Amino acid sequence: MDNDIKKEVFFCSAASRYFKEQLAGTAANAGAFILIEHANPFPEKIIEAHFDKEWLREIQQLAKSLRGKVLLIRNKKTNFKECRISFVDNKAGRYFTIQTTVDEISSVHLSDHITSADTQWQTDPFFVICTNGKKDKCCAKFGFPVFKFFESFNANVNVWECTHVGGDRFAANVIAMPFGIYYGHVAVEDVGHIMVRTLLRKIYKNKFRGVSRRSFYEQAIECHLREHLQNYDIDFEIHTHLLKHEGDHYEVDVTTSNNGHYIMDLERVKIDYPHLLTCKAKKQENISKFKLAKLEVIPAIS
């Protein structure tokens, strides 16, 4: 036997990059995030975290009711005694944080703080980077170096490792909070661009997956329209109204915060994908992408 023969190791993110997979319209759908500081190694599932199971189930149910996602987070300041819980409202672009201890975390009723008039909301940006190798080895392989590069910046911006955010094959995955801006296939050379542009309230277009509060076809609309207009301001608002949906065709009326008006036609196209979608997948599946078929500018009425 030839001992020099090495078994090929498959990485779904490397395969997706090699395929040059389109990132537009791939952000996980979530209008809110609940972030829980967690000192132990990340488990594969949130319910396996080292907190009271009944409290965790209540948190997961709250997130589900808000069409949100629960993430465990940590950074170099995380310890086994103190714990912080943040609720991020992506639709409003704001968040609040509760400081507690691991022993007292089950006494925190997060829903009360969400609705309280006394809650102190914040808008300063921060980042979460998926490094959860228990979910997919690509998240650790590609995510951890990106996290360390973010952490090495001297900017006064919080940076956190986190559990799975959605899209194993797009690792390294980064979310700019509180906006819910997803970036995929992030490499260390992208970190400075993402950091600087976010602080300037801009989107880094090269690795932009979409905004989590939008559906997949709405994300594709936003990505295509921003590309057409070359407008990557975070505060540039896009409003969509579905006019017609027949099969894989979508006709959408789009208005923007700068009084732009457009009719956009999108087509959902199935693409033969020659690789596994995740590192743990057992069989190949096709992927779907929203392609721009037509963009019509509607003149303003004088």
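**Note on salt bridges, cysteines and pockets**

1. The whole structure holds 15 salt bridges, each a side-chain nitrogen of Lys or Arg within 4 Å of a carboxyl oxygen of Asp or Glu. The model is predicted: local features need pLDDT of at least 70, side-chain atom pairs count only at pLDDT 80 or more, and totals for chains, interfaces and linings use all residues. Residues are numbered from 1 along each chain as its sequence is written, and side-chain values use heavy atoms, with hydrogens and water left out.

2. Take Lys289 and Glu21. They form a salt bridge, with the closest N and O atoms 2.8 Å apart. Lys289 sits in strand S13 (residues 287-297) and Glu21 in the loop between helix H1 (12-19) and strand S1 (32-37), so the pair ties together parts 268 residues apart in sequence. Helices (H or I, at least four residues) and strands (E, at least two) are DSSP runs, numbered from the N terminus. Lys289 and Glu21 are both buried. Buried means under 20% relative accessible area, exposed over 50%, and partly exposed in between (1.4 Å probe, protein chains only).

3. Asp190 and Lys207 form another salt bridge, with 2.6 Å between the closest N and O atoms. This pair links distant parts of the chain, 17 residues apart: Asp190 is in helix H5 (residues 188-199), and Lys207 is in the loop between H5 and strand S9 (208-211). Asp190 is buried, at 5% relative accessible area. Lys207 is buried too, at 17%.

4. Arg201 and Asp235 meet through their side chains in a salt bridge of 2.8 Å, N to O. Here 34 residues separate the partners: Arg201 lies in the loop between H5 and S9, Asp235 in the loop between helix H6 (216-229) and strand S10 (238-246). Arg201 is partly exposed, with a relative accessible area of 35%. Asp235 is partly exposed at 47%. Elsewhere, salt bridges that share partners join Glu21, Arg169 and Lys289 into one network.

5. On the cysteines: how many disulfides are there? The count is 0, where a disulfide is a pair of cysteine sulfur atoms within 2.5 Å. Cys138 is buried, at 0% relative accessibility. For Cys139, the closest cysteine sulfur is in Cys130 at 3.7 Å, again too far for a bond. Cys139 counts as buried at 1%.

6. The largest pocket holds about 450 Å³ of space. A pocket is an open set of points on a 1 Å grid over the protein atoms alone, where a 1.4 Å probe fits, with protein on both sides within 12 Å along at least five of seven lines; lining residues have an atom within 4 Å of a point. Grid points are joined across faces, edges and corners, and the volume is the space filled by probe spheres set on the points. Its lining has 19 residues, with Asn75, Lys77, Val157, Asn158 and Val159 nearest the centre. Strand S3 (82-89), helix H4 (137-152) and strand S6 (159-162) each supply at least two lining residues. S3 gives the most, with 3.

7. The second largest pocket has a volume of about 290 Å³. It is lined by 20 residues; Phe179, Arg201, Arg213, Ile234 and Asp235 lie nearest its centre. Arg201 and Asp235 are also the salt-bridged pair of point 4.
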